[in-house]
Amino acid sequence: MKNDKKKNELHATATLFYIVAAIDYLAALSYFIGGGDTSLGVVWMCIGSTFLCLGAANTKQQKDGQPNPDEEEKPDDKTEEQEKDRLL
């Protein structure tokens, strides 16, 4: 049950990264077509590419089923107590 929730969170996060990337690409396109300052278009394109890479990394993590490195698994207290009892 916990794994399903984690997969749904990863899927939602990846989808949001892809949506933000598309919006950033549209902003870059508007700067290029508008004939204004093209350097801002390049900046928005780089930001969009960054979010595209983040979405791809989250999608890969979802497919591999690897846990998030920021989250540490906490040991169960009962197993520690059982281990201590076993050693004594």
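Helices (DSSP runs of H or I, at least four residues) and strands (runs of E, at least two residues) are numbered from the N terminus. On this basis the protein contains three helices and zero strands, and its elements run α-α-α from the N terminus on. The structure is a predicted model, in which local features need a pLDDT of at least 70 and side-chain atom pairs count only at pLDDT 80 or more, whereas totals for chains, interfaces and linings use all residues. Residues are numbered from 1 along each chain as its sequence is written, and side-chain values use heavy atoms, with hydrogens and water left out.

Confidence is expressed as pLDDT, the predictor's confidence in each residue on a range from 0 to 100. The protein averages a pLDDT of 80, and 72% of the residues score at least 70. Within the protein, confidence is highest in α2, at a mean of 90, and lowest in helix α3 (residues 77–87), at a mean of 65. Where pLDDT is low, the predicted coordinates should not be read in detail.

Accessible areas were computed by the Shrake-Rupley method with a 1.4 Å probe, and for residues only the protein chains shown count as cover. The accessible surface of the protein comes to about 7300 Å², of which 60% belongs to carbon and sulfur atoms. Residues are called buried under 20% relative accessible area, exposed over 50% and partly exposed in between (1.4 Å probe, protein chains only); by this criterion 12% of the 88 residues of the protein count as buried. Contacts are defined by heavy atoms within 4.5 Å, and of the contacts in the protein with a separation of 6 or more, 59% are accounted for by residues 24 or more positions apart.

Gly-41 lies in helix α2 (residues 38–64) and counts as buried because its relative accessibility is 0%. When neighbours within four places in sequence are left aside, Gly-41 is in contact with Ala-28, Tyr-31 and Phe-32. Ser-30 itself is located in helix α1 and, at 45% relative accessibility, is partly exposed. Asn-58, also placed in helix α2, is buried, since its relative accessible area is 12%; residues up to four places away not being counted, Asn-58 touches Leu-10, Thr-13, Ala-14 and Phe-17.

On the surface, a nonpolar patch with about 580 Å² of accessible area together is formed by Leu-26, Leu-29, Phe-32, Ile-33, Val-42 and Met-45. The elements that give two or more residues to this patch are α1 (2–34) and α2, and α1 gives the most, with four residues. Patches are made of residues with over 30% relative accessible area and no salt bridge, like charges being joined within 9 Å and nonpolar side chains (Val, Leu, Ile, Met, Phe, Trp, Tyr) within 5 Å; a salt bridge is a side-chain nitrogen of Lys or Arg within 4 Å of a carboxyl oxygen of Asp or Glu. Leu-29, a patch member situated in helix α1, is partly exposed, with a relative accessible area of 43%.

With a disulfide defined as a pair of cysteine sulfur atoms within 2.5 Å, a search of the whole structure finds zero disulfides. Cys-46 is partly exposed, at 46% relative accessibility, whereas Cys-53 is exposed, with a relative accessible area of 54%.
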